[in-house]
Amino acid sequence: MSRRKMGRFALAAAALALMPASAQAQSCDAACMTDLANRFMDAMAKSDPKGLPWAGQVRYAENSSKVRIGESSWVTIKGRAKAPLVVADPQTGHVVWAGMIDDHGQPGFYAMDMTVTGGRIAAVQSVIRRKEGRQPFGDPTTYAPDKKYATAVPAKARLSRGQMIALVDAYFAAQETNGAALAVGFDRGCTLIENGVRMTGNLPAAAGGDASCDAPLKRGLWGELEGVRHQVLAVDEVRGLVAAIGYRDLTGAKTSFTAQDGTSYAAEAKYPRTVGFVSVFKIEGGKIARLETIANEVPYLMSAPFNAPVPRDVIVEGKGVFMESATADAAGNLYTGSFTGTIYRALPGADTATAWIRPDETNKITAVLGVLADDKSNTLWACSLPMGKPGGVSALLAFDLKTGVMKGLYDMPAPASACNDIAIAKDGTAFVAETTNGRIFTLKPGAKAVELLVEDKALLGGVDGIAFNEDGTLYVNNVRANTMLRVNRKGDGSFASLTMLKVSMPLNGPDGLRPIGGNRFLQAEGPAGRISLLTIEGDTVTMKVLKDGMDGVPGVTSIGDTAYAVESKGRFLFDPAMKGKDPGVFALRAVPMGGIR
Amino acid sequence: MQSGRERKIVRDRVRRGNGRLLAAAGAAILMAMPAGAQAPGEPSAVNIPTCNRACLIDHARDYMKALAAKKPDQAKFARDVVFTENNVVVPVGKGLWNSISKVAPTGMEAADPLTGQAAWFGVVWEHGEPAIYAMRIHVSDDRIDEVETIVHRKTGLPAPFGDADKVTHHPAFNEVLPPERRVSRARLVAMAQSYFNTVERNDGTVFAPFSEDCGRLENGISTTAPGKGASLDPGKSGGNATSIASGCEAQFKLGIYRINKRIRERRFPLIDEERGVVVSTGFFDHDNEVITYKLTDGREMKTALKWPNSISLIEAFRVRDGKIQEIEAVFTYVPHFMHNPWAKGREHGEAGE
């Protein structure tokens with residue numbers, strides 16, 4: 001097996017481990033996770049890792065350097081805070097612990113991110129700040145997380161999980177742009193604390209007012225920052241807490257910077273450096289109410305310790321391929337359908353996707369829109385579009401997932417139609433979005449023909465992407481109307497109603513929609529040339545762009561923590577001005593979904 | 001010695017990151033060996049250097065000039081050059097390239113035409129603040145395709161730091177030895193290894209042969225010349241061992257360096273038989289499981305720090321008559337057990353864990 005093949009095969013194998021914990025039936029609740037974190041700290045203070053529930057393979061890092069359990073701080077730390085700040089999140093499987101430690105009696109700051117899988121400790125990474133070195137460094141012995149962190153937020157003042165994460169993402173985006181992209185509100189009393197010291201930007205605050213959370217952003221005091229790399233780890237909706245880990249990169253290129261009010265400030269240091277951090281945000285009433293951080297300097301541009309190698313694109317072999325959709329099976333095979341009617345497949349880890357199912361007299365394919373791998377029924381579903389055949393009906397096709405042999409063809413009922421994409425319910429029923437006439441069809445296991453679930457030209461005319469969340473709720477998007485909807489069904493599965501969802505960003509041609517566990521989805525937007533991570537809570541969709549700037553992206557799929565965006569270059573097909581010009585190589589663009597680069 | 005193909009694989013791995021690719025890279029190297037190879041990893045029995053010592057030193061000087069000018073385009077880089085700073089892969093043009101304001105006019109230079117590598121040890125300034133610096137470059141087809149650097153800055157951690165304007169490199173590193181005073185490449189590596197073996201868990205046992213006049217420059221300051229006032233607390237002596245004892249062998253016989261749990265990822269990329277020079281890289285791991293220890297004369301020492309850390313180093317040895325005559329090292333603190341992306345593992349003959 002080549003290195004590349006090993007790569008995506010490993011990704012597929014790791015897919016289960018990388019799924020949100022909720023999808024894995026996390027057997028350890030928040031109290032259990034908190035207990036594990038405290039027990040880990042106690043075990044470290046006793047230099048005795050025996051007796052902890054370790055996973056089969058455990059990853060461990062201190063200050064971004066991979067070390068062995070039982071070595072490093074396991075031989076120097078002799079005590080830990082008895083009232084630490086702990087944020088446990090069974091949904092993500094992460095628990096964050098922050099507080100004081102002592103090395104042979106010398107106090108320091110310690111923050112730890114533990115990954116718990118099936119009640120076992122699978123990974124731990126920590127940011128540890130000891131006394132020696134540069135500011136800021138306060139007094140760990142008197143440090144205690146603010147009391148606000150322990151109190152529950154009144155129900156009316158809470159945000160949903162997705163909104164809380166979006167707020168934290170927006171904070172770091174504002175930090176990175178030195179306040180230029182400030183889309184975050186702060187509570188009046190919000191203060192920045194780093195290693196027990198009140199801060200303003202990178203510098204210890206001279207006065208109490210300087211330490212407010214908004215001052216560095218409004219005044220432009222993050223002028224030294226080159227970038228912020230971060231990852232949200234854990235959310236506690238009741239207490240309004242979000243814990244994140246990350247890095248602030250500082251180039252050391254300038255000795256001073258000018259804030260937005262024209263004042264010049266000396267840089268905190270004159271050399272390139274990176275600051276690793278764990279931050280815990282308190283969010284209340286839609287605003288950031290408190291931010292406490294433990295941070296430590298590491299070599300410039302140090303990478304996160306557990307990152308997988310950067311995934312590579314998969315090239316689709318052929319000219320004028322013009323893919324529309326993609327899917328992946330549990331083994332790590334990638335499939336993509338194209339307007340030429342050919343379905344391409346990339347074997348696990350392969351560099352390229354090659355033609356696998358071609359149009360023939362049996363399948364009568366002229367163009368393929370949606371494709372969906374269904375491991376449970378060993379089926380590759382595909383939507384066939386009668387391209388170039390005015391008045392033709394489209395069809396749902398079923399192929400053997402292993403051999404590619406056709407095993408079913410199900411026409412969409414007249415009139416002329418566009419079978420566009422497919423989702424599979426827990427009972428194996430296929431749900432099909434038919435774009436032209438605003439219809440959703442179902443095909444029950446063993447059925448000979450599709451049945452109409454709903455037709456609504458007003459709301460569903462343009463229905464495109466279709467997907468279930470983990471609890472079986474059905475969602476669709478509308479490529480024409482730039483909307484997202486929930487398809488409400490009755491207890492017997494029949495149609496009940498449609499609910500328009502509120503999306504956090506304007507949509508531009510929403511297309512392929514794929515579930516990735518829990519209430520999270522990947523969504524492609526063709527004209528926008530981007531793929532996004534969606535979190536749907538109630539009627540709200542929180543959207544986070546993963547990658548944009550691509551040349552038309554009608555589809556997306558994922559393997560493990562890598563999304564593959566279908567870069568269709570459709571303008572070379574549909575734009576008369578571009579017809580005949582060379583579109584170049586076609587590829588499924590690999591985009592990391594998580595972790596820190 | 002690495003073949004060009006093998007080096008490219010290593011560069012690819014360094015660029016993309018370690019981890020899962022390690023095993024794959026090893027496998028790829030084996031596959032890359034053509035039939036009839038002369039030795040593992042060597043595609044040809046012929047290795048005639050095309051860039052001699054003067055050529056390599058010129059490359060090193062050109063690199064330092066380009067660095068001082070903050071103009072990467074003035075350095076002769078290969079298209080796929082890989083640059084590391086303190087063991088992190090950094091895009092050329094970033095890191096020290098962004099902060100440098102001056103390079104010392106002279107440095108300690110070394111070169112090895114057989115492996116196509118050169119080194120430069122000295123002082124640089126970042127916005128006027130001095131930093132101690134060492135680098136290794138590899139030259140292939142007249143282009144620099146590897147740059148490995150260590151930069152030691154004043155960060156408040158206890159370590160030797162010389163007076164930047166007074167750093168003097170021992171001239172012996174640049175002096176050709178008469179043939180009868182030289183030793184072989186293998187023996188030069190053995191000398192360096194014996195030094196590291198002595199440092200590791202230094203308990204008074206000396207494995208390395210030192211000349212009587214042996215001296216050592218660490219981060220631009222002598223750490224073997226007689227010191228100014230004794231202190232058994234390295235925190236108060238700035239980490240300079242001269243406060244306890246002077247002379248290479250005497251210090252080790254006292255067991256001053258007991259703090260070093262292991263000398264890890266030892267590499268010896270550059271050897272100059274004519275001058276008796278070997279340039280090595282590695283890490284000193286200080287686990288600080290204990291924070292006091294006794295010298296062999298019974299005196300009690302305190303460790304400089306109470307928590308685990310590693311020191312990443314580039315260290316050059318000058319060997320004359322089979323004995324270590326002079327040592328020059330540049331090192332800096334890094335997170336404990338950090339790895340060097342250029343290290344390839346024990347299967348390639350690297351020593352240590």
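Predicted model: local features only at pLDDT ≥ 70, side-chain atom pairs only at ≥ 80, totals over all residues.
User: Why is the pairing of A:Asp103 and A:Arg130 called a salt bridge?

Analyst: The N to O distance between the two side chains is 2.8 Å. A salt bridge requires such atoms within 4 Å, so the pair A:Asp103 and A:Arg130 qualifies. A search over all chains finds 52 salt bridges in the whole structure.

User: What makes the link between A:Asp103 and A:Arg130 a tie between separate parts of chain A?

Analyst: A:Asp103 belongs to strand S5 (residues 94-103), while A:Arg130 is in the loop between strand S7 (120-129) and helix H3 (161-176). The parts joined by this pair are therefore 27 residues apart in sequence.

User: How do you know whether A:Asp103 and A:Arg130 are buried or exposed?

Analyst: The relative accessibility of A:Asp103 is 0%, and that of A:Arg130 is 5%. Buried means under 20%, so A:Asp103 counts as buried, and A:Arg130 counts as buried as well.

User: Why are A:Glu567 and A:Arg589 said to meet in a salt bridge, and which strands hold them?

Analyst: Their side chains come to 2.7 Å, N to O, and the cut-off is 4 Å, so the pair A:Glu567 and A:Arg589 is a salt bridge. A:Glu567 is found in strand S40 (residues 562-567) and A:Arg589 in strand S41 (residues 586-592), so parts 22 residues apart in sequence are tied together. A:Glu567 has a relative accessible area of 8% and is therefore buried.

User: Why does the pair B:Lys261 and B:Asp287 count as a salt bridge?

Analyst: The closest N and O atoms of B:Lys261 and B:Asp287 are 3.8 Å apart. Because the rule asks for atoms within 4 Å, this pair is a salt bridge. B:Lys261 lies in strand S10 (residues 260-272) of chain B, and B:Asp287 in the loop between strand S11 (277-286) and strand S12 (292-294), so the pair connects parts 26 residues apart in sequence.

User: Which parts of chain A supply the side that touches chain B?

Analyst: Helix H1 (3-18), strand S2 (65-66) and strand S16 (287-298) of chain A each supply at least two residues. H1(A) gives the most, with four residues. By class, this side of chain A has 14 nonpolar, twelve polar and 14 charged residues.

User: How many residues are in contact between the chains, and what is the area buried there?

Analyst: In chain A, 40 residues are in contact with 43 residues of chain B. The buried area is about 3,500 Å², of which carbon and sulfur atoms give 60%.

User: Which residues touch the most other members of the largest nonpolar core?

Analyst: They are B:Tyr63, B:Met64, B:Phe121, B:Tyr133 and B:Val279, in a core of 80 residues. Leaving aside neighbours within four places in sequence, B:Tyr133 is in contact with residues including B:Leu67, B:Trp120 and B:Val330. Another core, of 39 residues, lies apart from the largest one and has A:Val314 and A:Leu369 among its residues.

Terms used
Residues numbered from 1 in each chain as written. Chains lettered and ligands numbered in written order. Heavy atoms only, no water. Buried < 20%, exposed > 50% of the residue type's maximum accessible area, 1.4 Å probe, protein only. Contact = heavy atoms within 4.5 Å. Buried area = accessible area lost by both parts, 1.4 Å probe. Nonpolar A, V, L, I, M, F, W, Y, C, P; charged D, E, K, R; others polar. Core = buried A, V, L, I, M, F, W, Y, C linked by side-chain atoms within 4.5 Å.
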